[in-house]
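Here is a short briefing on one protein chain. Keep the sequence and the 3D view open as you read.

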Amino acid sequence: MKLSGQQLLDREMEIQRLCGFSELYSWQRERKVKKDFCLHDGPPYANGDPHVGHALNKVLKDVRNRFEVLRGRRVHFVPGWDCHGLPIELRALGELGSAGLSPLEIRKKAREFAEGAITRQRSAFERWGVMADWGRCYYTFDGVYEAKQLQVFQDMHSKGLVYQDYKPVFWSPSSRTALAEAELEYNPEHVSRAVYTTFPVLTPPPKLASATDEWSSVGVLVWTTQPWTLPANQAVCYMPNAQYSLVKRADNSKRLLVATERVDSLAAILGTQLDSLASFAGSELEGGVCSHPIIPGKQSPLLPANHVTMGKGTGLVHTAPSHGMEDYSVASHFSLPVECLVDEDGRFTEQAGPELSGQAVMTEGSDTVVAMLRAAGALLREEQCVHSYPYDWRTRQPVLIRPSKQWFINTASLKDRAQEVLQKVHVVPESARGSLLAMLERRTYWCISRQRSWGVPIPVFYHLQTGEPLINRHTVSHVASLFSERGSDCWWELPLDQLLPPAVLKKSKAGAVSEFERGEDVLDIWFDSGVSWAAVLDNSDSQADVYVEGKDQLGGWFQSSLLTSVAMRNKAPYRSLVVHGFTVSELGEKMSKSLGNVVDPDTIINGGADPSVSPPYGADVLRWWVAESNVFSEVQIGPSALNSARDNIAKLRNTLRFLLGNLHGFEPQSHTVEPKDMHYIDQYLLHLLRDFSLKVTDAYSEFDFGQVIRLLQGFISRDLSSFYFSIVKDRLYCDTEGSLGRRSCQTVLEEVLDAVTRSIAPILPHLAEEVYLHSPGHTEGEPLFRSGWIKASSVWKQPGLEEAVEGACAIRDSFLSSIPGKNAAQYDLVIAIEPGLLFEIIESLQEQPTSSCSQLTELMMSSRTSLLSSLPRDLPPHAITSRGKFLINLEGGDIREQCGYSVAAIPCSLSRCPRCRRYNSEEPNCLCPRCQAVTGGGGQ
């Protein structure tokens, strides 16, 4: 019965109850097996309702897990949630903000919000049929998890991999916290106010002092898209191996120092000819010193640097160590000061001077700096520059780089080993490996401290007088034990002397507790989730078989997990990585409420307000959509995709209904026919079924679920519906119920039903279990998922038989193509094959020269077939003849023979049997001899 609407939804829920969906995970964990399979769940963020991105990810994981359960492995899959961080804090506080709230008040609201999101998401995942023990999930705000996290933190600190430093980091003024690279989104349409400005030469480079007598009038030309950083300038950098030129403007005779390679482009930009006065190597600029264009008395040396490029700008780079990672490297090498003139709100401090103090650097602050350049005569050109710029991933506001005292992980010392172990990881698709390696290469350090309240506190105490941090294995172990018992709220709840008791102070050889204060920073959420392998896997040395997440995790969880695992265990936490794309609309657009193209998985399953527009599809349609999609690129979803999934499942359901209907009364224990006793075409179908089963198994193993569906649809349409079913219907419907031929066919149908049902079970568990409830041959009440994978017997492999059937099929195709649009049963067939290998093979399908009930006749679907070595000379004039050749290929190509054949189709002279509809009756409206024998009746 075709189900739709509420009936469909009710049936799915009934199947979940009857077939023990909620108990399956616990059952399979308790059974004794030889092999385990661990898919470690990357924790979704607990900051909202479930969406189709969740569906894509969770269903992909569940399909693989269910496949592994079916093939007899014990699956380790613990769902988790990432519960801390700024996005949850912002959503929890809403418009109220954090003003006037204590850290504990903020944490309480954030926890409540996260718990609500978790409840909604978990309920959806269960409804989608995701197999797990939903009472035993992991949460990054759980005290035991937090304690494990601190243990990893301490071990990395003791190895010198965690350190505190004052250096530039990505800073979000809108969030008032440091951010890691993984917390950034790049806006390709960002517009910056770019300027070309000059730094007057104060001291000429010694090697070039004689190049001109007018060095005092030379300006070193620089270009920057961030003019607000100019007050923090400490140097101008050049490329030592490049050529530089001293040029004179044709319009006002001013002299400029620029890269030779950039002269023509700059002339066009400045709108004037630039005449070269002298050229020299960049290395000869060493020792030169410039005056700052807007800060009197401040000097900026000319320094060599490898990061200078010639793609844009002037070939000379304004260097502000406080506001650039490469600039900071130059400062470290040449001992330049790192002065921060920007506060946590992104405004100039008093140290920037009265003209700039208090101004937001990216708006009015930039305006003021440009005005100061113009007033000083240092501004040559101003322009709008559209370029890619980092934004805070949650507030969607631009970030800046500013120095701050933060805690870091020294990834520079880890990345070589991380890249090495990554080479041993199987990555699907392989192209994702390059992206991950490139991201690791660019990452020299990882800022892990955040200036927020909702997170795991960094377990550090600071000396009130010196500001020196107190952190060691004694302090961290004590705090970790408190977190394990009471949760991390105790960092704020307990008095300091309980966080730092006398025994710990004594072991730490520190002073009195009154000399210290607790730190206020929390750990980066990527560190939270990045240590999940240590908190969730069976033991500390375990590796997950696979991590499965979206491509955004190449710079996020995949990377943070890899770095922490390499730091702790010198190996990757995973053996394989599967990287899927994002969900987009059917037009390929990013989903957005403003565009009205958001697809809600709850609406997919349960339907919308108007069922004619948004009908209820049920969970299996959602799962089919996931499996059918090319998940390694952007995954489109919308009405067309969902309707297609529904229609494909309906076609599959019809096939399964046909199989079940024709197995009525079949008892596998007593009715099964051994392969050696079967009709050849039945043996051949088992041969094809084995090949299908092996390919499906391989596709599941490679996470290629789209290939599973393609194999399934091809097998059903090509091998079953268009071929086997059409041929064996006569035997099924018209032979004696208990005849060998019919039981042979039913044996095959039972194997096909079993294999097809199991092959779709990981994708469509509700449909598979429903079919299994009605399938013959198993213990009543036993769910499919407790009964194993497809049985593809090696006995079914029959390459010689394959040649026989396919040879007959080639002859059949010649016959059918000669009578287009006509009923094959209306013809008697004469097949003539030259003596040889093909004749011997086809002869095995028909022992008598002429037969109306041979296996050859069944294959040809004719009423009668004659097998001869040559066509008779007395064929009737209305006979339709055709010819062809077939290449025999046996023993892996050792036996090859091309054989010719001829076919004559002769309209039947006998009458049509009203029962089997073949033309074998002696009289009109009378049963043929076969049907008379079956029915035990007369001719009528």
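R176 sits in the loop between β5 (162-172) and β6 (177-179). Helices (H or I, at least four residues) and strands (E, at least two) are DSSP runs, numbered from the N terminus. This is a predicted model: local features need pLDDT of at least 70, side-chain atom pairs count only at pLDDT 80 or more, and totals for chains, interfaces and linings use all residues. Residues are numbered from 1 along each chain as its sequence is written, and side-chain values use heavy atoms, with hydrogens and water left out.

**Backbone details**

- Most residues other than glycine have a negative phi, and most peptide bonds are trans.
- R176 is not a glycine, yet its phi is positive, about 60°.
- R176 counts as partly exposed because its relative accessibility is 37%; buried means under 20% relative accessible area, exposed over 50%, and partly exposed in between (1.4 Å probe, protein chains only).
- K509 is not a glycine either, and has a positive phi of about 55°.
- K509 lies in the loop between α15 (502-507) and β23 (516-518).
- K509 has 79% relative accessibility, so it counts as exposed.
- The peptide bond from V428 to P429 is cis, with omega near -5°.
- P429 is in the loop between β18 (426-428) and α11 (431-442).

**The whole chain**

- The chain has 30 helices and 33 strands.
- Buried residues make up 57% of its 940 residues.
- The C-alpha trace spans about 120 × 75 × 55 Å along its principal axes.
- Among contacts (heavy atoms within 4.5 Å) between residues at least 6 apart in sequence, 76% join residues at least 24 apart.

**The second largest pocket**

- A pocket is an open set of points on a 1 Å grid over the protein atoms alone, where a 1.4 Å probe fits, with protein on both sides within 12 Å along at least five of seven lines.
- The second largest pocket has a volume of about 830 Å³; a volume is the space filled by probe spheres set on the points.
- Its lining, meaning residues with an atom within 4 Å of a point, holds 38 residues.
- D730, R731, S862, R918 and R930 lie nearest the centre of this pocket.
- The elements that give two or more residues to this lining are α24 (705-734), α27 (799-818), α29 (855-860) and α30 (929-935).
- The largest share, 7 residues, comes from α24.
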